[in-house]
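The following paragraphs lead through a structure, beginning with a single residue and ending with the chain as a whole. Please keep the sequence and the coordinates in view while reading.

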Amino acid sequence: MMDKKMYEYFQRRLGEGLQVKEVQRLSDEWLNSSVQGYLQGHYKQVQEEVEKGKRFQRLLKKAVMDPVSYVVGIFSGILYAMELLTSFTKQRTDFFKEAEALFEKANVERIANYLSKHPDSQHKVICTELGINKGYLSQLLREMERTGLVERYAAGKRSFYSLTLYGQKFVKKERSRKNVTNSFGMICLPNSLEEKYAPLYTIAPLEKRQERQKYTWEIRNIHSERSFRILNKEGG
């Protein structure tokens with residue numbers, strides 16, 4: 001955003017008589033862009049913008065006559081930045097809460113997963129591919145658009161849908177969560193009826209482990225005894 005052309009423009013305007021509105025617009029646009037980049041994880045890009053911002057700061061500092069006003073301006077800028085960052089963070093938190101609630105509805109997750117693989121999909125294509133009623137699909141897409149999961153654009157009479165940036169992040173987050181849950185479930189499958197119904201046992205953790213070990217050894221002894229008798233019988 002802050003390029004050489006803009007720098008030269010402000011350099012020229014300083015000599016002509018720079019207006020407050022021009023600096024305010026530059027500040028607002030830069031701050032909004034930087035905060036959005038930070039929240040989206042584009043840290044390298046934000047760092048580059050910060051370095052450019054320092055150059056602009058040194059340039060614009062020449063227009064400041066009163067040192068106190070300059071310090072007050074810095075304080076106001078920090079306050080505004082924190083207010084903006086807090087506002088964007090709250091928006092993102094609210095989005096994830098609303099998206100989680102919306103994912104509880106039938107077919108919403110299917111639509112989101114389909115759009116993650118097929119961005120810019122037409123309404124009728126989604127309808128055909130997922131086998132969802134046209135009217136019901138329109139209703140779900142409107143809710144997903146209102147929540148911020150999906151964005152829509154029109155070309156003539158046709159409507160196309162894609163996941164928003166937050167929508168893409170949320171779908172990835174849900175996939176990761178389910179993969180971890182499924183993996184954990186596979187690892188922790190019960191190996192015996194005693195383990196399967198463990199919540200029914202009111203045994204302290206240490207005692208429970210000792211009981212399980214005793215139970216396992218008893219079962220093994222029974223099997224060993226049986227095998228020994230069978231072998232003896234066959235040998236006799």
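Leu 115 belongs to helix H5, which covers residues 108–117; helices here are DSSP runs of H or I with at least four residues, strands are runs of E with at least two, and both are numbered from the N terminus. The model is a predicted one, in which local features need pLDDT of at least 70 and side-chain atom pairs count only at pLDDT 80 or more, while totals for chains, interfaces and linings use all residues. Residues are numbered from 1 along each chain as its sequence is written, and side-chain values use heavy atoms, with hydrogens and water left out.

Is Leu 115 buried or exposed? Its relative accessibility is 2%, so Leu 115 counts as buried; the classes are buried under 20% relative accessible area, exposed over 50% and partly exposed in between, with a 1.4 Å probe and protein chains only. When neighbours within four places in sequence are left aside, Leu 115 is in contact with Ser 121, Ile 126, Val 150, Tyr 161 and Leu 163, contact meaning heavy atoms within 4.5 Å. Leu 115 and Ser 162 are 47 residues apart in sequence, with a C-alpha to C-alpha distance of 5.9 Å.

Most residues other than glycine have a negative phi. Asn 107, in the loop between H4 and H5, has a positive phi near 80 degrees. With 21% relative accessibility, Asn 107 counts as partly exposed. Asp 120, in the loop between H5 and strand S1 (121–122), also has a positive phi, near 60 degrees. Asp 120 is partly exposed as well, its relative accessible area being 41%.

Not counting residues up to four places away in sequence, Leu 39 touches Leu 85, Phe 88, Thr 89, Arg 92, Tyr 166 and Lys 169. The C-alpha atoms of Leu 39 and Phe 88 are separated by 8.0 Å, although the two residues are 49 apart along the chain.

The aromatic rings come next. Rings of Phe, Tyr and Trp (its six-membered ring) pair if their centres lie within 6.5 Å, and a pair is stacked with planes under 30 degrees apart, edge-to-face over 60 and tilted for the rest. By this rule the count is 10 aromatic pairs. For Tyr 38 and Tyr 43 the ring centres are 5.6 Å apart and the planes stand at 65 degrees, so this pair is edge-to-face. Tyr 38 is partly exposed at 44% relative accessibility, whereas Tyr 43 is exposed at 52%. Phe 95 and Phe 170 form another edge-to-face pair, with 6.3 Å from centre to centre and 80 degrees between the planes. Phe 95 lies in helix H4 and Phe 170 in helix H8 (residues 165–187), so this pair ties together parts that are 75 residues apart in sequence. Both of these phenylalanines, Phe 95 and Phe 170, are buried. Ring pairs also link Phe 95, Phe 96, Phe 103, Tyr 166 and Phe 170 into a cluster.

A ring also takes part in an arrangement with a charge. The charged end of Arg 55 sits over the ring of Tyr 7, at 4.4 Å from the ring centre; the criterion is that NZ of Lys or CZ of Arg is within 6 Å of the ring centre and within 35 degrees of the ring normal.

What is the volume of the largest pocket? The value is about 1,400 Å³. On a 1 Å grid over the protein atoms alone, a pocket is an open set of points where a 1.4 Å probe fits, with protein on both sides within 12 Å along at least five of seven lines, and lining residues have an atom within 4 Å of a point. Grid points are joined across faces, edges and corners, and the volume is the space filled by probe spheres set on the points. The lining of the largest pocket comprises 34 residues, and those nearest its centre are Ser 27, Gln 57, Gly 73, Ile 74 and Gly 77. Helices H2 (20–39), H3 (43–60) and H4 (67–102) are the elements that give two or more residues to this lining, and H4 gives the most, with 11 residues.

Across the chain, the secondary structure comes to 10 helices and 3 strands. Of its 236 residues, 24% count as buried. Among contacts between residues at least 6 apart in sequence, 61% join residues at least 24 apart.
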